[in-house]
Amino acid sequence: MNKRVKEILERLADKYGRNIDATLDYTNPYELLFATILSAQCTDERVNLVTKELYKKYRSLADFASADLGELEASIKSCGFFHTKAVHIKSCADTLLKEYGGEVPSDIDSLTSLPGVGRKTANVVRTHIFHEPSIVVDTHVKRISNRLGMTKESDPVKIEFDLMKKIPKSYWSDINLQLITLGRNICISRKPRCSECFLSDLCPYYNS
C-alpha cells in the first residue's frame, strides 16, 4: 500500500470511524438482500420507508414467493423500476426456498446466481450478514475512488478487484460506507465541495 492511499484510509477512519452499520433497515439476512435489491437507483431513506411496511405485509420468504406480482409491485412502486425489482424479489424468494432451504448463502457465486443479485448486492450481504470483508462498488465508491486516483477503471467489477489489490483487506468493508458518506455530504457528483474536503490535498481531481 502506498503512502498516499494509507493516508486517505487513515483520514477516512478518523472522520467517519470504522465498523459502520448498514444504512438499510433489516432484521434477518433475506430482508437485507431484498432491501439492497430495492436500493438500486433509489435512496436508502426511501427504501427504509418502503420496507417498514413491506416486511409487515410479507412476513416470510414463502409470503414473497407466493405474492401476487401486481400487489408486490404496488408495495414497492416508489422505489422505482418496480416491475423488475418485484420480479427479482419474488423469484429470489422462490429460489432461496427451493435451492437453499430458505437460507441466504454466504459465498459470492451462490449469491450472484440469485435473480437480481449482482456483485454489489452480494457484497453488501457478505459484509453485513457474514462479516466477510468485501468492497461494494456503488455510484459513490466508483466516483470517489476515481477522483482520488485510487483506480483508473470505470467498470464496477474491475474497480472492485483493483481496490482489493491496493487496499488492505482489513479496510475493505469500512471503506464502503466511508466513501458513501463522503459522496453524500462532500464529494457530490455534480458540485463537489472540494473546499470543505479533508482529502483535497491528496486528491488528483481537486489538484488538477
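**Salt bridges**

I started with Asp201, which makes a salt bridge to Arg11 with the closest N and O atoms 2.6 Å apart. This is a predicted model, so I keep in mind that side-chain atom pairs count only at pLDDT 80 or more. I then checked where the two partners sit: Arg11 is in helix 1 (residues 3-16), while Asp201 is in the loop between helix 11 (172-185) and helix 12 (204-207).

Next I looked up Asp44, and its salt-bridge partner is Arg184, at 3.2 Å for the closest N and O atoms. This one also links distant parts of the chain: Asp44 belongs to helix 3 (residues 44-57) and Arg184 to helix 11, 140 residues apart. Are the two ends buried or partly exposed? I found Asp44 buried, with a relative accessible area of 11%, and Arg184 partly exposed at 37%.

Then a local pair: Lys56 and Glu53 meet through their side chains in a salt bridge, 3.7 Å from N to O. I see both in helix 3, 3 residues apart, which is about one turn of the helix. Lys56 is partly exposed, with a relative accessible area of 46%, and so is Glu53, at 47%. Elsewhere, salt bridges with shared partners tie Glu7, Arg11 and Asp201 into one network. My search of the whole structure came back with 9 salt bridges.

**Nonpolar cores**

Which residues touch the most other members of the largest nonpolar core? I get Leu33, Phe34, Leu54, Phe64, Leu72 and Val117, out of 36 residues in that core. At least two core residues come from each of helix 2 (29-38), helix 3, helix 4 (61-65), helix 5 (69-76), helix 6 (82-99), helix 7 (108-112) and helix 8 (119-128). Helix 2 gives the largest share, 7 residues.

Leaving out neighbours within four places in sequence, I list its contacts as Tyr30, Phe34, Leu54, Tyr55, Tyr58, Leu72, Ile89, Lys90 and Ala93. I also noted a second, separate core of 28 residues, with Tyr16, Leu177, Phe198 and Leu199 among them.

**Helix 8**

How many residues of helix 8 are buried? I count 8 of its 10, so the helix is mostly covered, taking buried as under 20% relative accessible area. The buried ones are Thr121, Ala122, Asn123, Val124, Val125, Arg126, Thr127 and His128. I wanted to know what lies over them, and the cover includes helix 2, helix 7, helix 10 (156-166) and helix 11.

**Helix 9**

Last stop, helix 9 (residues 139-147). Its buried residues are His140, Val141, Arg143, Ile144, Ser145 and Arg147. These pack against helix 10, helix 11 and helix 12.

After the helix comes Gly149, and I note its positive phi, near 70 degrees.

Technical notes:
Residues are numbered from 1 along each chain as its sequence is written. Side-chain values use heavy atoms; hydrogens and water are left out. A salt bridge is a side-chain nitrogen of Lys or Arg within 4 Å of a carboxyl oxygen of Asp or Glu. Helices (H or I, at least four residues) and strands (E, at least two) are DSSP runs, numbered from the N terminus. Buried means under 20% relative accessible area, exposed over 50%, partly exposed in between (1.4 Å probe, protein chains only). A nonpolar core is a set of buried Ala, Val, Leu, Ile, Met, Phe, Trp, Tyr and Cys residues joined through side-chain atoms within 4.5 Å. Contact means heavy atoms within 4.5 Å.
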